[in-house]
Amino acid sequence: MRNDSSGNDPRTIWQNQPTEPSVMTLEKIRRKTQELRARTRRTLLRGITAPLLVAGISGYGIASGDSPMMRAIFSFTIAWSMAGQYFVNRGMWSAALPDDAALSTGLESYRREVEHRRDLFGRFLLWTLGPVVLALTTFIALLLSFGIRNRGMPLKGTLLNMVPFLSLLVIWAVGVFVIRMRDRRELQREINELNDAERESAR
Amino acid sequence: MRGTESSSTGAESQDDLYRDAADKFGSSLERLARAYEADPEKRRDLSQDIHFQLWRSFQRYDARCSVRTWVYRVAHHVAASHVLRERRTFSKLVSLEELEMLPGKDHGQFADQGVNLERLSMLIQQLKPLDRQVIISYLEDIDAESIGEITGLSSGNVAMRIHRIKNILARRFHEGGGHAK
């Protein structure tokens, strides 16, 4: 510890701050494990929203459409979205630290976390947003084909009422895509910086 | 070393190792949590997460590195993951290099300790996690070699970052650059 009587010495300020160290008791560990499981359950439940949306749109599309090709696309979208639940959420239940976290240096473990985050965003785009976009596009195509074939007549009913909802969905999908892509770019930039730091350190 | 004891005493050893580490580094871990999370509620959660993961990690402790390095590596790992999870706009975090360029307010030589601590915490919380690891270690009086061991940066790289840290702190806290190690 450094003996500096100056009240402005950052290390003195830092080390003399009041703290209330907490120690893990068995009771706290048990509670923490439950909390982690509850948090994972909440995240999984939130993740079900997109597949439900896809199932709703595609189910309606299958019931309303008469083209076998469109029905096949809607069925594929449902299957894609369901499979996506596995790929997006795998490994969610293990709240543990990676086995070698303490043996890896700060740089290595931090880069692994950033890469994990970047891959998670990629998986979200492919397995969650992808089916939503396909379901939406096919549904809009279905609406347009109805309109063209029947000179706009069916659009006056329920389908026309869906236009604001579908427009909102399209805006949401575009917004999510743009934000996630920007975040991925930021994370990739961070990985590049960490790689540079590692290269410099290896010299 | 207790970490290499037989598996029959593994659980006991894990608890002992954890208890010793918590006794020795408990205050440092609280300060570390403060450097990563400004919100007191979330900070308490983060602190508990660090202790929880530290307890779990000691199951695998094999004395390949010192207990201090082990503790800091685990703590920084948990805290950096927390930053990545919580941070909505990752791009707002800056590197030491960028922070050195930013103009900092000088609050005078005799500002209140609490105010100074708040300013110091805010300054650290602006930094990207790797630079945060270096500045926290520096503030904890950890030597450059050990900082290199914790972070994985070379001694030259650590020295360069510490030099920047000293400049930033000197400008903002009236600390002479030559004071620090």
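Student: What is the handedness of the crossing in which α4(A) passes α5(A)?

Tutor: Left-handed. The near helix is turned anticlockwise from the far one by less than a right angle; clockwise would be right-handed. The model is predicted: local features need pLDDT of at least 70, and side-chain atom pairs count only at pLDDT 80 or more. Residues are numbered from 1 along each chain as its sequence is written, and side-chain values use heavy atoms.

Student: What makes α4(A) roughly antiparallel to α5(A)?

Tutor: Helix α4 (residues 68-89) of chain A and helix α5 (residues 106-149) of chain A pack at about 160°. Angles over 145 degrees count as roughly antiparallel. So α4(A) is roughly antiparallel to α5(A).

Student: By class, which residues make up that contact of α4(A) with α5(A)?

Tutor: 18 nonpolar, six polar and one charged. Ala, Val, Leu, Ile, Met, Phe, Trp, Tyr, Cys and Pro count as nonpolar, Asp, Glu, Lys and Arg as charged, and the others, Gly among them, as polar.

Student: Where in α5(A) is the kink?

Tutor: At Leu129(A), shortly before Pro131(A), with a value of about 40°. The bend is the angle between axes fitted to the seven residues ending there and the seven starting there.

Student: Why are α3(A) and α4(A) called roughly antiparallel?

Tutor: Helix α3 (residues 49-64) of chain A packs with α4(A) at about 165°, axes 9 Å apart. α3(A) and α4(A) are therefore roughly antiparallel.

Key
Chains are lettered from A and ligands numbered from 1 in the order in which they are written. Axes are lines fitted to C-alpha atoms, for helices over the stretch in contact, and angles run from 0 to 180 degrees between N-to-C directions. Helices (H or I, at least four residues) and strands (E, at least two) are DSSP runs, numbered from the N terminus. Angles under 35 degrees count as roughly parallel, over 145 as roughly antiparallel, 65 to 115 as roughly perpendicular and the rest as oblique.
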